[in-house]
Amino acid sequence: MNSLIVGLKREYWEYRKIVIGVPILLCVFVFLGSTISTLIEKGMDHSDHRHEQTVAEVVEGAVPDVPKSPSDAASDEESDSETKQPKLSAAEERVRAPYKFTAIFMGFAWLISLYYLLGCLHTDRKDKSILYWKSMPVSETRNVLTKMLFGGVCITAIALIAAWAMYFVLTVFGLGVLNSSDGGETWEYAERTFSVSKLIIWPLTSLVLGAIWAAPLFAYLLMVSAAAKRSPFMLLVLPLMVLLMLESMIFGSQNLVGSLMRHMPFVILESLSDSVTYADFLHNYFVQHGASLVSGLVFAGLFVAAAVWFRNNRFEV
Amino acid sequence: MNAIVKAKNLSKRYGEFRALDNVSLDIKSGRIVGLIGPNGAGKTTALRCLLGLSTYDGFLNVLNQNPKLDRMRLLHDVAYIADTAVLPQWIKVEQILEYMQGTHPKFNREKAQGFLDQTDIRATHKVKELSKGMVTQLHLAVSISIDAKLLVLDEPTLGLDILYRKRFYEQLLNDYFDEERTILITTHQVEEIEQLLTDLIFIKQGRIILDKEMDAMRETYLEVEVRAENFDQARALRPISERTVLGGAVMMFENRLPEQLSELGKVRVPSVADLFVAKMS
């Protein structure tokens with residue numbers, strides 16, 4: 001256990017600037033954005049209704065879009081027609097504001113994760129420090145799994161903590177200060193939209209399920225990182241492009257690359273956000289997409305095994 | 001004394017290239033062994049096989065472990081310094097100590113801190129802020145703070161100035177070596193470690209061409225400053241090497257008695273560097 005913690009700390013030490021820096025930068029942008037927009041609104045002496053919209057807009061407008069392949073979009077349409085969910089009311093959308101707020105941070109954190117996982121098994125080979133790490137009694141299986149855990153869970157967890165801290169600052173301090181000038185209307189809005197479930201349980205669910213759902217993609221990136229001689233990015237992109245072209249030309253489909261893209265972690269954020277209830281989401285995730293989930297985990301295992309093999313047998317750049 | 005490294009018919013191929021070709025050797029505990037060879041001779045490959053970092057054919061046993069199968073267990077008792085610049089540049093000294101304390105059961109942090117206190121290296125320094133000599137000092141300090149039975153050093157002082165090189169070997173002797181521990185070292189700077197070594201192994205094109213204790217080496221090889229008038233007589237004794245010097249030639253002989261050679265000129269024990277040149281050419 002101790003060596004696992006030290007292993008995670010080692011990853012944190014190496015990537016601290018980006019893992020901590022990006023959430024802090026995001027906090028600054030969100031704080032400045034919400035403060036400036038609120039002050040502008042107040043300065044224009046708009047109604048309370050307008051003010052309420054602005055806070056919601058700040059949160060909702062920043063939720064990242066999920067990239068979709070054409071085939072993905074088509075299959076989404078089909079599945080939507082089969083499992084059409086009732087559209088959320090404006091009030092329900094507003095109640096989801098805390099979740100959407102944390103989703104912004106988690107979306108950015110997953111971008112960092114993708115960057116981290118693509119580079120982490122290449123940088124120590126590039127600077128030859130792998131020879132130092134290999135002089136320690138730590139197996140490559142443990143090394144690779146530690147990096148998977150850090151990239152899949154820890155980076156997002158750090159961003160989530162930053163999101164909670166920022167939410168706390170914005171609601172308790174930021175909006176509390178505004179109460180003095182608006183007679184408590186803003187505070188009431190914050191109280192009405194606050195939900196432990198939406199602020200804590202939903203994001204934590206997204207974090208865990210996002211890591212599981214994206215496990216094949218994360219493991220694939222690790223494998224590419226462990227195998228790359230020069231540029232992991234090129235090794236990631238070129239074979240996928242070739243596959244995409246060949247499949248399109250021969251079969252007229254894009255299932256191979258599309259199935260990898262469907263396992264982007266951002267899908268979970270959108271899926272949970274669109275679900276009417278938490279139970280709906282879990283049903284959708286484990287029952288309707290259960291086969292994809294299980295097959296994804298199998299592929300994740302294969303990719304991790306390949307990454308370990310590369311670390312053991314072809315570690316010199 | 002028990003052999004802590006036993007290799008028999010150890011071979012390693014990279015495609016058609018034979019990096020190690022049926023190498024057989026025994027290394028006993030409490031020795032300082034120099035593995036000397038020109039570039040591409042197979043030194044690093046041999047060390048990597050020993051550490052389980054590379055696959056191989058043949059029999060290899062290190063500290064009663066099979067390096068291929070028991071690498072993790074083996075690394076509890078083996079410390080390894082590969083080159084002078086393999087510590088990650090981004091890491092701080094205190095982080096190295098914390099990491100090693102957390103991952104290596106035989107690492108003694110207080111001991112390492114004690115060694116570092118004798119240098120200009122501070123806990124808050126990052127590796128990239130240190131000079132090459134200081135990085136080597138740091139790496140040696142943490143490596144000899146592991147209670148390891150075997151210390152493997154692969155060109156540990158390459159590119160360092162003479163002061164750091166001398167300090168490195170002094171610390172190795174004073175703070176690490178005892179009769180329970182073994183040091184296996186590869187280097188090109190043979191003249192500097194000559195006085196340290198108890199055993200000498202020469203490797204060329206993946207084959208061991210000399211494997212002797214230093215005492216035996218001094219009895220086996222002799223060098224004579226042969227006067228010009230004795231050239232024919234000396235060459236009749238079949239020297240293994242000959243080089244011209246002012247007023248004569250220096251010839252090296254294998255398995256000849258000093259009495260046989262003394263009438264040819266001044267007899268002396270060759271340096272490891274001269275023996276190396278003689279055996280390689």
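Student: How many helices and strands make up the secondary structure of chain B?

Tutor: Chain B comes to 11 helices and 13 strands. Keep in mind that this is a predicted model.

Student: How do you know what confidence the predictor has in chain B?

Tutor: Look at pLDDT, which runs from 0 to 100. Chain B averages 91, and 99% of the residues score at least 70. For the complex, the predictor gives an ipTM of 0.89 and a pTM of 0.84.

Student: What does chain B span along its principal axes?

Tutor: The C-alpha trace of chain B covers about 70 × 40 × 35 Å. Of its 281 residues, 44% count as buried.

Student: Which residues have the most contacts inside the largest nonpolar core?

Tutor: Those are B:V78 and B:V152, in a core of 92 residues. Leaving out residues up to four places away in sequence, B:V78 touches B:L51, B:A148, B:L150 and B:V152. There's also a second, separate core of 66 residues, which includes A:A97, A:W202, A:F218 and A:V304.

Student: Why are β2 and β4 of chain B said to stand at the edges?

Tutor: Start with the sheet: 3 strands form an open sheet in the order β2-β1-β4 of chain B, with antiparallel pairing. β2 (17-28) and β4 (57-62) each have a single partner strand, so one side of each is left without a neighbour in the sheet. On average, neighbouring strands of this sheet are turned by 15 degrees against each other, direction ignored.

Student: How do you know that β1 and β4 of chain B pair?

Tutor: Two strands pair if there are at least two bridges between them. Strand β1 (residues 3-14) of chain B and β4(B) share 5 bridges in the antiparallel sense, so they count as a pair. One place to look is B:V5, whose bridge partner in β4(B) is B:V62.

Student: Which helix packs on that sheet?

Tutor: Helix α1 (residues 43-50) of chain B does, touching β1, β2 and β4 of chain B. The direction of α1(B) makes about 60 degrees with that of β2(B).

Student: What do β8 and β9 of chain B form?

Tutor: They form a hairpin with 2 residues between them. Strand β8 (residues 199-204) and strand β9 (residues 207-213) of chain B pair in the antiparallel sense over 6 bridges. B:K204 stands opposite B:R207 in β9(B), and B:Q205 in the turn has a positive phi of about 50 degrees.

Student: How many residues of chain B are in contact with chain A?

Tutor: 21 residues of chain B are in contact with 18 residues of chain A. On chain B's side, β5 (78-82) and α3 (93-103) each supply at least two residues. α3(B) gives the most, with 5 residues.

Student: How do the residues on that side of chain B divide into nonpolar, polar and charged?

Tutor: The side of chain B that touches chain A has 13 nonpolar, 6 polar and 2 charged residues.

Methods. Residues numbered from 1 in each chain as written. Chains lettered and ligands numbered in written order. Predicted model: local features only at pLDDT ≥ 70, side-chain atom pairs only at ≥ 80, totals over all residues. Contact = placed C-beta atoms within 7 Å. Helix = DSSP H or I, 4+ residues; strand = E, 2+ residues; numbered from the N terminus. Nonpolar A, V, L, I, M, F, W, Y, C, P; charged D, E, K, R; others polar. Core = buried A, V, L, I, M, F, W, Y, C linked by C-beta atoms within 7 Å. Buried ≥ 20, exposed ≤ 12 C-beta atoms within 10 Å, placed from the backbone. Axes fitted to C-alpha atoms, helices over the stretch in contact; angles between N-to-C directions.
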